[in-house]
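Grab the structure, try each task yourself, and then read on.

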Amino acid sequence: MRDKGEYLFTSESVSEGHPDKVADRISDTVLDAFLGADPYSRVACETLVTTNRVVLAGETRGPDSVTPELLAHLARMAIHDIGYDQEGFSWKNAKVECHLHAQSAHIAMGVDAAGNKDEGAGDQGIMFGYACRETPELMPAPLYYAHLILRRISEMRRNGDKGVAGLLPDAKSQVTLRYVDGKPVGATSVVVSTQHAEHLDQAEIKRMLRPIVETSLPKGWMCGEDEFYVNPTGKFVIGGPDGDCGLTGRKIIVDTYGGAAPHGGGAFSGKDPTKVDRSAAYACRYLAKNVVAAGLADRCTIQVSYAIGVSKPLSVYFDLHGTGRDVDETKLARVVNEMVNLSPRGIREHLHLNRPIYAVTSAYGHFGRTPDEEKGTFTWERTDLADDLKRAFGR
């Protein structure tokens, strides 16, 4: 985004009950099952969800204790946790098909460590990380508030709050903010679409959601009434996988920075940490966040690239968008490379990624979340490198 002038910027989020997010949740539940049984399992799980049907496909390498029957049960439990027990999609009677098979021996040969060869990247590709000062979490503000609105609605629904009685799991939000000289100053429009029980009408749902949206935004940021759109089609009773097919990996912009930063194109959910689509994107966010947290810049974008079977990154690129405080970007790349081993093995060991920590990442973004030291989740959101970066640049 620009640092000068006045402009509008929009990001969207979707709830855990959105069909694509249901698929992401199940894929990450499968991954957690394998990593819980063997932290070095290999998993690339894709999920399709539609009317009372769940299809698992992909490649795995792990213990025999993780059976198709277990995975079917875990998929049902994930659907139950999300809140689906509807005629067209229910945790009780949805048919679950498991078509997972063994990982390709040729992929394994490139990825596995052997002799003097270190563990290689699970695929080629480019990955990006980003951080900025727009929110305390160092995330772009439009996406942060789009996530927050839906997360609050979900928490209230799960807690049985009467203020959202009749709202169902499938929902989307979209927040447009006005920027002045690179800083967000208020919302010009907000869109919330939420699945609901038949008896609720559009006006009633809007009355329910207005205080949630207004208190989710900073004080004075709420848009005018004519720019607050709730269920613009007028009715949203049929939703979730019964209303629309869902697939793993179709919400990669929602998962990352809401369009405020580049994206390499690789999805995260269902992939074990040898897949740099996931682990290297986490590492890039970790490094970018620490650069901004250290006060070296107000914005930071990082790109890395890999070749399948090769352990070291082919390139590491930093862009401080002109906000660096007397920081040479070439030196910064060198310093960061010395602090963190950006090989697949180095990343997963530094961030402790070989653990069953992924189901919780499948909704409301992989970034801008609070690390939980006890559970080991969101380790890439820590800012434990900030002091070392300050010292490296004499701060």
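**Exercise 1. Find the residue just after helix H4 that takes a positive phi, then describe H4 itself.**

Step 1. Go to the end of H4: just after this helix, Gly160 takes a positive phi of about 70 degrees. A quick word on the ground rules: this is a predicted model, where local features need pLDDT of at least 70, side-chain atom pairs count only at pLDDT 80 or more, and totals for chains, interfaces and linings use all residues. Residues are numbered from 1 along each chain as its sequence is written, and side-chain values use heavy atoms, with hydrogens and water left out.

Step 2. Place the helix. H4 covers 141–158; helices (H or I, at least four residues) and strands (E, at least two) are DSSP runs, numbered from the N terminus.

Step 3. Check its span. The 18 residues of H4 reach 25 Å from first C-alpha to last, close to the 26 Å expected at 1.5 Å a residue. The expected span is 1.5 Å times one less than the number of residues.

Step 4. See how covered H4 is. Of its 18 residues, 14 are buried (buried means under 20% relative accessible area, exposed over 50%, partly exposed in between, with a 1.4 Å probe and protein chains only).

**Exercise 2. Which elements line the largest pocket, and which one gives the largest share?**

Step 1. On a 1 Å grid over the protein atoms alone, a cavity is a set of points where a 1.4 Å probe fits but cannot get out, while a pocket is an open set with protein on both sides within 12 Å along at least five of seven lines; lining residues have an atom within 4 Å of a point. Grid points are joined across faces, edges and corners, and a volume is the space filled by probe spheres set on the points.

Step 2. Look inside. The largest pocket holds about 420 Å³ of space. It has 21 lining residues, and the closest to its centre are Arg151, Val360, Ala363, Tyr364 and Arg369.

Step 3. Name the elements. Helix H1 (19–37) and H4 each supply at least two lining residues, and the largest share, six residues, comes from H4.

Step 4. Sort the lining by class: seven nonpolar, five polar and nine charged residues. Here Ala, Val, Leu, Ile, Met, Phe, Trp, Tyr, Cys and Pro count as nonpolar, Asp, Glu, Lys and Arg as charged, and the others, Gly among them, as polar.

**Exercise 3. How many cavities of 30 Å³ or more are there?**

Step 1. Count them: there are three.

Step 2. Start with the largest cavity, at about 90 Å³. Its lining has 13 residues, with Met127, Phe128, His263, Gly264 and Ala281 closest to the centre. Strand E7 (125–132) and helix H8 (276–293) are the elements that give two or more residues, and E7 has the largest share with three.

Step 3. Move to the second largest cavity, about 60 Å³. Its lining includes Ser15, Leu150, Arg157 and Tyr364. H4 turns up again here, giving the most with four residues.

**Exercise 4. How many aromatic pairs are there, and what does the pair of Tyr145 and Trp221 look like?**

Step 1. The count is eleven. Rings of Phe, Tyr and Trp (its six-membered ring) pair if their centres lie within 6.5 Å; planes under 30 degrees apart count as stacked, over 60 as edge-to-face and the rest as tilted.

Step 2. Tyr145 and Trp221 are edge-to-face, 5.7 Å centre to centre with 65 degrees between the planes. Tyr145 lies in H4 and Trp221 in the loop between helix H5 (202–216) and strand E10 (228–230), so the pair ties together parts that are 76 residues apart in sequence.

Step 3. Check the cover: Tyr145 is buried at 10% relative accessible area, and Trp221 is buried at 13%.

**Exercise 5. How many disulfides does the structure hold?**

Step 1. A disulfide is a pair of cysteine sulfur atoms within 2.5 Å, and the structure holds zero.

Step 2. Cys98 is partly exposed, with a relative accessible area of 29%.
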